[in-house]
Amino acid sequence: MPDRGKDVRKSGGFSAYRKHDWMTLGIAFAAIVLFVGTAGTVMPTIMRAWRGLAEGPDVILANALLLNIALILLGWHRYKALNGQLDAHKQSEQEARRLAELDDLTGCLNRRSFSEKLAGMLGERKGGESAVAVIAIDLDNFKQVNDLNGHAAGDSVLTEIARRVLTQLPDQAVLARLGGDEFVCALPYAAHAADRVELLATRMIEQVAKPVPHDGNSIDITVSLGLASSLNLDDQPTDNPAHDLMHKADIAMYHAKKQGKNRFYWFEAPMENELRFRNELEAGIRRGIEKGEFVPYYEQQIDLDSGELVGFEMLARWNSPEMGLVGPDIFIPIAEEIGVIAEMSEHLIEQAFADASEWDSALTLSVNISPVQMRDPWFAQKILKLLVKHRFPAHRLEIEITETCLHENIGMVRSMITSLRNQGVKVSLDDFGTGYASLSQLKSLPFDRLKIDRSFISELRGEEQNTKLVEAIVSMSDGLKMPITAEGIEDEDILAALKKWGQMKGQGYHYGRPEPADKVLERLQTKGRLATVSEGDIAEVVGEADNDTARKKDGGSRAV
């Protein structure tokens, strides 16, 4: 728009501009009136003068007539310019209104305009015969698409997904992008035909699951859908039905993700309580990390041949002020999803290093690592930094990773394992047999140990022992020269079955439940397995004497 238009808007908009130009047009109109009056006198005289029948017109009147004509032309020009400015302003307003209603990437509606459309659809319902369905759409693992392929690929995926969803929607439906990878659509349907909505949701999932081409590559993506019907609002009328219906669809969508993703669910009332509890858990986990409520517990690891204690596995527990002692199966998945697992794990590892420094130096410490942490390229360096900070011997630490990690980024996993092992840290493959690790991966990755999942060990109990799978794993580990730890030893029957396969470590409730650090110290005190520090080490740490002086002392050791 011309600069003058901008100035006009600053001083009161087009009303001021129009006032100025209407004044010009008023002058032109007055000139027309004057022209009519002057022309009635001057024009006949001019015509007679051209014919040679009279003298020329009065010069003043003739000039006045020419001036009137000029003013008329000026007024007409300004009138056309004004109309052009008004048309441009209207087009600009329409474009601004259109952009305000749409998402600039996908061309879908945005949140505000969708809410208005949905409110209108809900207002047009005809009693209980018709209903409106809202479908919340969220892409699964979309962050990985951006991380692995770049944001340009992410934008391409979002645009293509929006197009595919639009092709499935009926004419009366509307689709919006709420932000990020979240979409939502609304459509009217007959109250007795909810199966039509379910069929639409199924088609959406199928269409989205097709690979998205980008720069010669194929990107695989899935979606989780949450469905909510306006019929859910009939029992509980609200002041903002559109907002409440979108909220219910969101709840159903989160439930679909919790159930495994790439599926849909209708909203049900109990889901709301689950989501509320989930939100409370998230807030509690964040507060718990800040307040140090997450603490390490330790499970004994035993040499099955000798029955001697050889180490401990560190397991996380949450001392929640509201819920008491909470197990990791509750809070670890949530901590991974909300992105705080690394902070929590590092805090626990630091505490475990401090605790284990008081144990006999022959005892090892095993630590479980989340697959989320293995995506961090600096993970190995962080572990080594903690070892140096706490002066904890690297050979006493064993990092346990799950088979899931092997399928995400095998190159990064190999690099991390190699880096850790080069510093003396041992690395074991946890829960072996549950994640489909291939034999080639076991040969190519330098693992120090395999841990057989407890689900296989439990099959060894009873008269009809299903031993073939465990026996196969043991045979494979022998061929790879990789020692084994058996998890989940519950009783003497399982222990006896494992002993016949040779030397291995074991752990389970047969040897005792996981214990906090103070209980572990009591156990080790009883067994005489607390740390011993030589006088030379004391001199080195404290700096009170040189090596020669330290060697002159009694050379004994003391318990710490």
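# Briefing: cavity, pocket, strands and helices of a predicted model

Strand β1 and helix α8 (241–258) each supply at least two residues of the lining of the largest cavity. The model is predicted, and its chain has 560 residues, of which 42% count as buried. The secondary structure comes to 20 helices and 19 strands. Among contacts in the chain with a separation of 6 or more, 68% are between residues 24 or more positions apart.

**The largest cavity**

- The structure holds one cavity of 30 Å³ or more, and the space in the largest cavity is about 30 Å³.
- Its lining consists of V134, A136, L178, V184, M246, A249 and D250.
- Helix α8 gives the most to this lining, with three residues.
- Two of the lining residues, A136 and V184, also stand opposite each other in the strand pairing, with V184 in β3.

**Strands β1, β2 and β3**

- Strand β1 covers residues 130–139 and strand β3 covers residues 182–190; the two run antiparallel and are joined by nine bridges.
- Strand β2 (residues 174–179) also pairs with β3 in the antiparallel sense, over five bridges.
- β2 and β3 form a hairpin with two residues between them.
- In the turn of that hairpin, G180 has a positive phi of about 60 degrees.
- Five of the six residues of β2 are buried, so the strand is mostly covered, buried meaning under 20% relative accessible area.

**The second largest pocket**

- The second largest pocket holds about 790 Å³ of space.
- Its lining is made up of 31 residues.
- E313, L315, P328, I332 and N368 are the lining residues that lie nearest the centre of this pocket.
- Two helices, α10 (328–337) and α11 (341–356), each supply at least two residues of the lining.
- The strands β9 (309–320), β11 (364–368), β12 (397–402) and β13 (426–432) likewise each supply at least two residues of the lining.

**Helix α17**

- Helix α17 spans residues 492–499, and its buried residues are I494, L495, A497 and L498.
- Seen down the helix axis, the buried residues of α17 fall within an arc of 165 degrees, so they line one face of the helix.
- These buried residues pack against helix α15 (454–457) and strand β15 (484–486).
- The N-terminal end of α17 is capped by D491, which has a side-chain oxygen 3.2 Å from the backbone nitrogen of D493.

- N141 is not a glycine, yet its phi is positive, at about 55 degrees.
- N141 lies in the loop between β1 and α5 (142–149).
- The relative accessible area of N141 is 41%, so the residue is partly exposed.
- D215, also not a glycine, has a positive phi of about 50 degrees.
- The loop between β4 (212–214) and β5 (217–219) is the place of D215.
- D215 has a relative accessible area of 68%, which means that it counts as exposed, the cut-off being over 50%.

- With 32% relative accessibility, Q144 counts as partly exposed.
- Leaving aside residues up to four places away in sequence, Q144 touches N149 and R375.
- Q144 and G154 are ten residues apart along the chain, and their C-alpha atoms are separated by 9.3 Å.

Key. Residues are numbered from 1 along each chain as its sequence is written. This is a predicted model: local features need pLDDT of at least 70, side-chain atom pairs count only at pLDDT 80 or more; totals for chains, interfaces and linings use all residues. Side-chain values use heavy atoms; hydrogens and water are left out. Buried means under 20% relative accessible area, exposed over 50%, partly exposed in between (1.4 Å probe, protein chains only). Helices (H or I, at least four residues) and strands (E, at least two) are DSSP runs, numbered from the N terminus. The arc is that of the directions from the helix axis to the C-beta atoms. Contact means heavy atoms within 4.5 Å. A polar contact is a pair of N or O atoms within 3.5 Å; within protein, one must be able to donate a hydrogen and the other to accept it, and residues adjacent in sequence count only if both atoms are side-chain atoms. Two strands pair if DSSP finds at least two bridges between them. On a 1 Å grid over the protein atoms alone, a cavity is a set of points where a 1.4 Å probe fits but cannot get out, and a pocket is an open set with protein on both sides within 12 Å along at least five of seven lines; lining residues have an atom within 4 Å of a point. Grid points are joined across faces, edges and corners, and a volume is the space filled by probe spheres set on the points.
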